[in-house]
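Walk through this structure with the viewer open.

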Amino acid sequence: MESCNCFEPQWPPDELLMKYQYISDFFIAIAYFSIPLELIYFVKKSAVFPYKWVLVQFGAFIVLCGATHFINLGTFYVHTKTVAIVMTIAKVLTAAVSCATALMLVHIIPDLLSVKTRELFLKNKAAELDREMGIIRTQEETGRHVRMLTHEIRSTLNRHTILKTTLVELGRTLGLEECALWMPTRSGLELQLSYTLRHQNPVGFTVPIQSPVINQVFSTNRVVKISPNSPVARLRPASGNYMLGEVVAVRVPLLDLNNFQIHDWPELTTKRYALMVLMLPSDSARQWHVHELELVEVVADQVAVALSHAAILEESMRARDLLMEQNVALDHARREAETAVRARNDFLAVMNHEMRTPMHAIIALSSLLLETDLTPEQRLMVETILKSSNLLATLINDVLDLSRLEDGSLELDFATFNLHTLFKEVLNLIKPVASVKRLFVTLNLSSDLPEYAVGDEKRLLQIILNIIGNAVKFSKEGSISIYAIMAKPDSLRDPRAPDFFPLPGDSNFYMRVQVKDTGTGISQQDIPKLFTKFADSQSPAGRNPGGSGLGLAICKRFVNLMEGNIWIESEGVGKGSTAIFYVKLGFPARLNESRLSHTRLPPRHGQASFPGLKVLVMDDKGVSRTATKGLLVHLGCDVTTVSSVDEYLQVITKDHKVIFMDVDSYNVARFVHDKFPKHHEKPLIVAVTGNTDRAAKESLLKVGMDGVVVKPVSVEKMRVTLAEVLENKRLLQEV
C-alpha cells in the first residue's frame, strides 16, 4: 500500500458566507449601540429610580459588546496586528464588565424581589380599600333607607298606621315577598297575626308564644334567620312546587307607660314584644345581606320608639279629654257655687233689712221706755229686752260679717284711732257684766304700746270684746287679766303657731293681746274645734256645751285679715284658759294731726235734746216709721212722717231742717237738691238703713247724704247722730 502524506485542504473562504457574517455583525453592532440610547432615555424619564448606576454599568457592557462585534468586522479580511490588539482589548474589557455586572445582579435581585412584594402588598391594600368603600357605600345606602323609613313611620302617631307603613316600606325597600307582624294577645300567652303585607293569610291567626322559634327570637335584639316552615313563617299558599326564600324574624319592643303625668315625661318599660317576620321572594337565589339585616334591626327599634310616642300621645289625649271633662264639671260647679253665693247674699241682704226693721222698733221703743218712770221690776224687764235685742243685733252682724268673709268681699276700714281708749272702752263695757258675776277684771297696757295706731278700729274692738266676753261668760268666779304689749321681732315666732310668718316693718308693728281667765277651762280635744262655726263640744264638762257659735270663727277671720294669728291654751277642764292673738297695726304718719282729727269731740253745745227742730221722717214701714218718730219726739223734735216720695214732695218745706229716710234714698236726695238749689236752704239728709256694708255707706255719702245711721237705732244713737250732722253743718257754714 502506498503511503499518502496528505492534508485536508483548508476551507476556502466563501464569499457569500463571509458576506452574510459581515452583514450580521454590522446589524448586531448597530443593535448593541441602540440599546444604550434607549437606556439613557429610560434613565432620564425615571429620575426617581434608585438603581440608575446599575443601568449605566449594564449600558457599558452593551456598548463594549457592540464595539467587539464592530471591531470584528475588520477581521474578515487581511488585517494588521493593531486590529488584532484592539480586538483583544475590547474582548478583555467586555469580559471584565460582564463579570462585574453579573456580580452586581446577585445583590440587586433580592431588592427587586422586595419591590415586587411591596407591589403585591399595595395591590392587596387597594383591594381592601375598595371593599371598605363598598361597605361605606352600602352603609350610606342603608342609612338613606333607614331615614326614609323613619320619616314614613314617624309621619303619623297612629299606631295602626305606623305598623302598616312599616310593612309597606320594608317590602318596597327590600323587595320582600311577604312581611307580617305578630302582636301579643291580652292574655300574653299567644301571638296573633295582626298585619300582613300581601294579605294572603287571614288576620287573627294565633300561635303559642312559648314556641322554640319565638323564644329564640325574643332572647336577642338581633335579626334571627328562621326556617321557612316554622309556624310564624307559614304565610304563603301551601300548593305549588317552588323553592322557599330565606326568612328572618326580629322582635319589636312594646313600651308601656308608667306614672304618666301631664307636665312630665312618663317612665317607659318593656314588658312585651311583637314579632316581625320578613320573607325573600321564592324561586330565587337571593340571600340576606348584612346591611339588609342591619336595616331591619334599626327599623325595628324605630318602630318601638314610634309606638311609644303614639302611646304617649294617646295617653295625653285621654288625659286631656279627662281634664276637659273635669274642667267642665268644675265650671259647672263654680257657676252653681256662684249662684248659691248670690242667692245667699240676696237672702242675707233681704233678711238683714227685714230683721233690722223690727229690731229697730224693739230697741227704739225699749230705749224710749227706759227714759220713763218705771218700777224696778219693769226697768229690769225692759233692760233685759234691750240687752237681748242688742245681742240679736250682734248675731245678725256676725252672720253678715261671716258671709262677707267667706266670699272675700269684706275689707278692713283703715283709720287712725286711739288704741288705749279702745281698751278702756272694752273694759267699761265688760265691767258691769263682770261685777254681777263678781269677777275681778284687770287691764295692763305696756309702756311701749303706742297710744295711736292705724287699723280697723271696729273689727279690733269686736275681736277683743268677743274674746273677753267669752272669758266672762265661762268664768263663774275668780279674775280675768288682759295684757297688751308691742311684740318684739324676736318673740313673734311661736312654736305653738308654726304657720304664722310675721313680716314687721318700719311703718307697722305687731300687738300681742293675752286674755287669761280662771273659768271652766277647755279639754284638749275641744281646742281645735273652737274656731269652727257651730262646732259642738264632745266633752260634757267642756267650755261650751251648746257649741262655739260664730264669735271665735269670725274673730279668727278678722285676725287673719290683719295678718295675725290667734290660738287658745288650756291645761284642761276646770283649770282656766288663755286666749292669745297677734294683729298687725300701723304707726300714724303725723301723730299731732291724728290726735286732732280722730279724737271724738262731743257736740259743741252738748245738747241732750233738740226742741223745736222740724224733722221729716220718710219710711214705707209703719212700725219702723213710728219707732223713728218716737225717738225724735223724745229728743224734742217737731216730727212729720210720710210713707212715700209723693207724700214727701207735698209736705216738704224750707222749715224742715233734717230728713230721715229709709225709702229710695238716691231719688230723694236728687229731689232735695233740685227743690232747694241754695245750699243754706237745703235740709240735712240722714239715711236710716239696715245695710252694714262700708261700700254702701260710702255710696250713700257720695250721692248727697249728710249722715248714715244703721238700724237698729237707740235713743243715744239717734241723739249722737243728730248732734253730729248739725255740728258738721254749722262748721261748714262758719267756713
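Helices (H or I, at least four residues) and strands (E, at least two) are DSSP runs, numbered from the N terminus. This is a predicted model, where local features need pLDDT of at least 70, side-chain atom pairs count only at pLDDT 80 or more, and totals for chains, interfaces and linings use all residues. Residues are numbered from 1 along each chain as its sequence is written, and side-chain values use heavy atoms, with hydrogens and water left out.

Start at Ile89, in helix H3 (residues 81-153). Ile89 is partly exposed because its relative accessibility is 47%. Together with Ile85 and Leu93, Ile89 makes a nonpolar surface patch of about 260 Å². Patches take residues with over 30% relative accessible area and no salt bridge; like charges are joined within 9 Å, nonpolar side chains (Val, Leu, Ile, Met, Phe, Trp, Tyr) within 5 Å. Areas come from the Shrake-Rupley method with a 1.4 Å probe, and for residues only the protein chains shown count as cover.

Next, the charged pairs. A salt bridge is a side-chain nitrogen of Lys or Arg within 4 Å of a carboxyl oxygen of Asp or Glu. The whole structure has 14 of these salt bridges. One joins Asp331 to Arg334, at 2.4 Å from N to O. These two residues sit about one helical turn apart because they are three residues apart in helix H6 (residues 290-370). An α-helix has 3.6 residues a turn, so residues three or four places apart point the same way. Asp331 is partly exposed at 26%, and Arg334 is partly exposed at 40%.

Asp448 and Lys488 form another salt bridge, with their closest N and O atoms 3.4 Å apart. This pair links distant parts of the chain, 40 residues apart: Asp448 is in the loop between strand S8 (439-445) and strand S9 (452-455), and Lys488 is in the loop between strand S10 (478-486) and strand S11 (508-517). Asp448 is partly exposed at 29%; Lys488 is partly exposed at 43%.

Move on to Leu635, in the loop between helix H12 (622-634) and strand S15 (638-642). Is Leu635 buried or exposed? Leu635 is buried, because its relative accessible area is 1%. Contact means heavy atoms within 4.5 Å. Beyond residues up to four places away in sequence, Leu635 touches Ala608, Ser609, Phe610, Pro611, Val715, Met718 and Arg719. The C-alpha atoms of Leu635 and Arg719 are 7.2 Å apart, although 84 residues separate them along the chain.

Arg719 also has a charged partner. Its salt bridge is with Glu716, the closest N and O atoms being 2.6 Å apart. Both lie in helix H16 (residues 715-734), three residues apart. Glu716 is partly exposed at 47%, whereas Arg719 counts as buried at 16%.

Two strands pair if DSSP finds at least two bridges between them. Strand S17 (residues 684-689) and strand S18 (residues 707-710) pair in the parallel sense over four bridges. Val686 has Gly707 in S18 as its bridge partner.

Finally, the whole chain. It has 16 helices and 18 strands. Buried residues make up 40% of its 735 residues.

Key
Buried means under 20% relative accessible area, exposed over 50%, partly exposed in between (1.4 Å probe, protein chains only).
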